[in-house]
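Walk through this fold with me, one element at a time. Keep the model open beside the text.

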Amino acid sequence: MTNQTAEQVSVTVIGLGAMGRALAGAFLREGHRTTVWNRTAEKADELVARGAVLAGSVGEAVAASPLVVVCVTDYDAVRELLDPVDLGDRAVVNLTSGTPGAARELAGRVGAYLDGGIMATPAAVGTAEAVLVCSGSRAAFERYEPVLRGLGAETVYLGEDAGLAALYEVGVLGLMWSTLNGFLQGAALARAAGLDAASFAPLAVKSMESVAGWLPDYARQIDEGSYPPLDATIDVHLAAMRNLIEESESLGVSTELPRFVKALADRAVAEGRGEEGYAALVEQFGKPS
Ligand code: FVH
């Protein structure tokens, strides 16, 4: 469906992997004139059939639009593609995953540079599930936010430091992996006990919804540096961690993850934090490993 309220602009998408194709598709859906370029040109076929213009080179693609969105494998590829090209006054929005340092370095070379992290799978781009976090040029964000909003439900601007979007992106990925690893540990236990992972999944979903609701209070405690127990003390959590290790051992399931979690709690207790709430473990995460 075309978004009639967003101003129609010309946008270029460089990089048509799974994510780049989804981004270009969303811009087309919103009615923007969309120019695309990809190293392997055939990946543009479907987009061209939907109305995208295929540029013959990166230079041609950049020249076609005031807004240039780049989404390739890594920052080496971004530099390889953009370095030889005169970007002029183009606003470059780089949605490639990378480190904050790499984003800052690139920002130093591009006039109007916005780094972004698209918190979505390709299938979720343009839906209520997708969130785009951006940092870097405020002017570019303010000018093109109405266009970028077409990529998802929400756009978040974190500030002029171009590295912040990458920082949030790696933080969110870490959260995702930790959550998935916790689920996989539980699923491995269920399977070892002769149960289906499918029987564990609904309970896991419910539990994740509860835990998600705790985060604003945890964040407040972290910002205040004070951790009165909200749910249970670290001592209480620690006892349950021992149970998880014991049961994993007895079912022949890996104990690596629960032992790592318990080691953090052990260190917090050794620092006298056993009576504090779980958020106090941030002090362990805050130290170099
Ligand atoms: N897919 C996802 O769910 C995640 C969601 C969060 C953010 N990521 C990041 O997006 C970047 C691209 O990911 P992708 O899924 O689109 O990746 P691929 O499908 O593998 O496509 C890679 C594209 O990059 C092009 N490319 C790579 N190296 C070069 C190069 N040296 N010169 C020119 N283009 C290059 C590649 O071209 P081709 O192989 O088709 O010719 C694809 O267009 C990534 O940072 C994710 O972390 C996605």
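Asp83 is partly exposed, because its relative accessibility is 46%; buried means under 20% relative accessible area, exposed over 50%, and partly exposed in between, with a 1.4 Å probe and protein chains only. This is a predicted model, in which local features need pLDDT of at least 70 and side-chain atom pairs count only at pLDDT 80 or more, while totals for chains, interfaces and linings use all residues. Residues are numbered from 1 along each chain as its sequence is written, and side-chain values use heavy atoms, with hydrogens and water left out.

What does Asp83 form with Arg109? The two make a salt bridge, with their closest N and O atoms 2.8 Å apart. The pair links distant parts of the chain, 26 residues apart. Asp83 sits in the loop between α4 and β5 (91–94). Arg109 sits in the loop between α5 (100–107) and β6 (112–119). Helices (H or I, at least four residues) and strands (E, at least two) are DSSP runs, numbered from the N terminus. Arg109 is also partly exposed, because its relative accessibility is 42%.

A salt bridge here is a side-chain nitrogen of Lys or Arg within 4 Å of a carboxyl oxygen of Asp or Glu. By that rule the count is 15 salt bridges. Side chains of opposite charge can pair when their charged atoms come close. Another bridge joins Arg79 to Asp76, at 2.6 Å from N to O. Both residues belong to helix α4 (residues 75–82), three residues apart, about one turn of the helix. An α-helix has 3.6 residues a turn, so residues three or four places apart point the same way.

Glu271 and Arg273 also meet through their side chains, in a salt bridge of 3.6 Å, N to O. Glu271 is partly exposed, with a relative accessible area of 40%. Arg273 counts as buried, at 19% relative accessibility. Shared partners tie Asp76, Arg79, Asp83, Glu105 and Arg109 into one network of salt bridges.

Now turn to the sheet. It is open, has eight strands and mixed pairing, and its order is β3-β2-β1-β4-β5-β6-β7-β8. Two strands pair if DSSP finds at least two bridges between them. Which strands stand at the edges? They are β3 (53–54) and β8 (154–157). Each has a single partner strand, so one side of each is left without a neighbour in the sheet.

Follow β4 next. Strand β1 (residues 10–14) runs parallel to β4 (residues 67–70), and four bridges join them. Val13 stands opposite Val69, and Ile14 stands opposite Val70. On the β5 side, four bridges again join parallel strands. There, Leu67 faces Ala91 of β5.

Move along to β7. Five of its six residues are buried, so the strand is largely enclosed by the rest of the structure. Six bridges join β6 to β7, and these two run antiparallel. Leu114 has Gly136 of β7 as its bridge partner. Between β7 and β8 the pairing is parallel, with four bridges. Here Leu132 is partnered with Thr155 of β8.

α4 lies across β1, β2 (33–37), β4, β5 and β6, and runs at about 155° to β5. α7 lies across β6 and β7 (131–136), at about 10° to β6. Axes are lines fitted to C-alpha atoms, for helices over the stretch in contact, and angles run from 0 to 180 degrees between N-to-C directions.

Look next at a glycine in a helix. Gly25 has its place in α1 (residues 18–29). Gly25 is buried, with a relative accessible area of 3%. Leaving aside neighbours within four places in sequence, Gly25 is in contact (heavy atoms within 4.5 Å) with Leu47 and Arg50. The C-alpha atoms of Gly25 and Leu47 are 6.7 Å apart, across 22 residues of chain.

Finish at helix α8 (residues 197–224). Its buried residues are Ala204, Tyr218 and Gln221, and these pack against α7 (164–192). Just after α8, Gly225 takes a positive phi of about 70°.
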